[in-house]
Amino acid sequence: MAGQSGGPWGGGGNSGGGSGNDDGKGQNGNGDGRRPPSGGQMSEIDELVKKGQDQLRVLMGGRGGRSGGTGGPGGDGGGGPAITRGTVILGLLGLVGLWLFASFYTVKPEERAVELFLGEYHRTTGSGPHLAPWPLITYEKVAVTSERNEDIGVSDRGSEAGLMLTGDENIVDIDFQVVWNINDPAMYLFNLRDPKATIRAVSESAMREIIAQSRLAPILNRDRGSIAQRLGDLVQLTLDSYDSGLNVIRVNFDKADPPIQVIDAFRDVQAAAQQRDRLEKEADAYAARVFAEARGQAAQTLEEAEGYRARVVNEAQGQASRFSAVLGEYDKAPEVTRTRLYIEAMEEVLGDMDKIILDQNQSGGAQGVVPYLPLNELRKNSEGQ
């Protein structure tokens, strides 16, 4: 600075004058080691700008010398503006502001903050403003309510990621998704190195265990909901044993199909199995119908036999009672009873026969009747009228 010939506006230099002043002031007598430029008196605004620049240099660790002076030992200026009490207070206030800015933090409602005291877990804070005196206490914010997804299966990891062996030795291709969030930020930060990889490994292992205990047909049809529920419970149990701080919200069972290489043959087998089931159901329905008809006919035959038996027994009992009554009458009047029995027997035998009895004349023919007259037909016609 001592070799400059003027200030930033091109003022004249100070080639050596004023160096002998005992009070350390420059030629202009203002004590700042500067001389006014040759263009006239500096404006007040320029002076304020210069003073601000000098104070900034002091704060930034500079020497504080003014341009245009001879700040060296042989020059006429001093060592720059002195550090005043106000400057020190201003610097301290700035440091305090920076410390407060680094120490105060705000946690959103969907977040939690984990505070560390000298690198060791201190506490977990909830939503709102908090003070963590820096550098003794540091913090890390974690979003705990946001849902995170981990997709497992063929779609994201290659052609064999979702292929699993069932309990009946079939291969099934499965895609599923595990939805999770964080319920303990401290465990999440300190106990797991890679949470996503942990979720993936645990979920895939649990699904393989469940599929190995199940048959293929229920997996493809009716058991998807129960498998997803079992998977969520098993994954959560394993993560809790790791003290992971993770919470499984739900499991989305997206797809369960045979491998693509055999899917056509599998569909043919499924169609044949469905046809077999349909035929078996039709046969069962026919058997049930025939069996029901047979049981009905058997019951009807039994009822008819029972009715016949009852009728025959009753008739026999009635005939026996009638015979006993006739026997009593026969004992009282044998001839009359014998004649009555004969007439009743002939009536019973000849009652339903088409027979006409005519008295014969002397010539052997029926009196007044043409021999070829169809008497039976005449009788039927008369009875029909």
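User: Which residues of α5 are buried?

Analyst: Buried means under 20% relative accessible area, with exposed over 50% and partly exposed in between (1.4 Å probe, protein chains only). In α5 the buried residues are P195, T198, I199, R200, V202, S203, E204, A206, M207, I210 and I211. This is a predicted model, where local features need pLDDT of at least 70, side-chain atom pairs count only at pLDDT 80 or more, and totals for chains, interfaces and linings use all residues. Residues are numbered from 1 along each chain as its sequence is written, and side-chain values use heavy atoms, with hydrogens and water left out.

User: What span should helix α5 have?

Analyst: Helices (H or I, at least four residues) and strands (E, at least two) are DSSP runs, numbered from the N terminus. The expected span of a helix is 1.5 Å times one less than its number of residues. For the 18 residues of α5 (residues 195-212) that gives 26 Å, and the end C-alpha atoms are 26 Å apart, which agrees.

User: Is T166 buried or exposed?

Analyst: T166 counts as buried because its relative accessibility is 4%. T166 sits in the loop between β7 (163-165) and β8 (171-182).

User: Which residues is T166 in contact with?

Analyst: Contact means heavy atoms within 4.5 Å. Leaving aside neighbours within four places in sequence, T166 is in contact with V172, I211, A212, S214, L216 and I219. Of these, I211 is also among the buried residues of α5.
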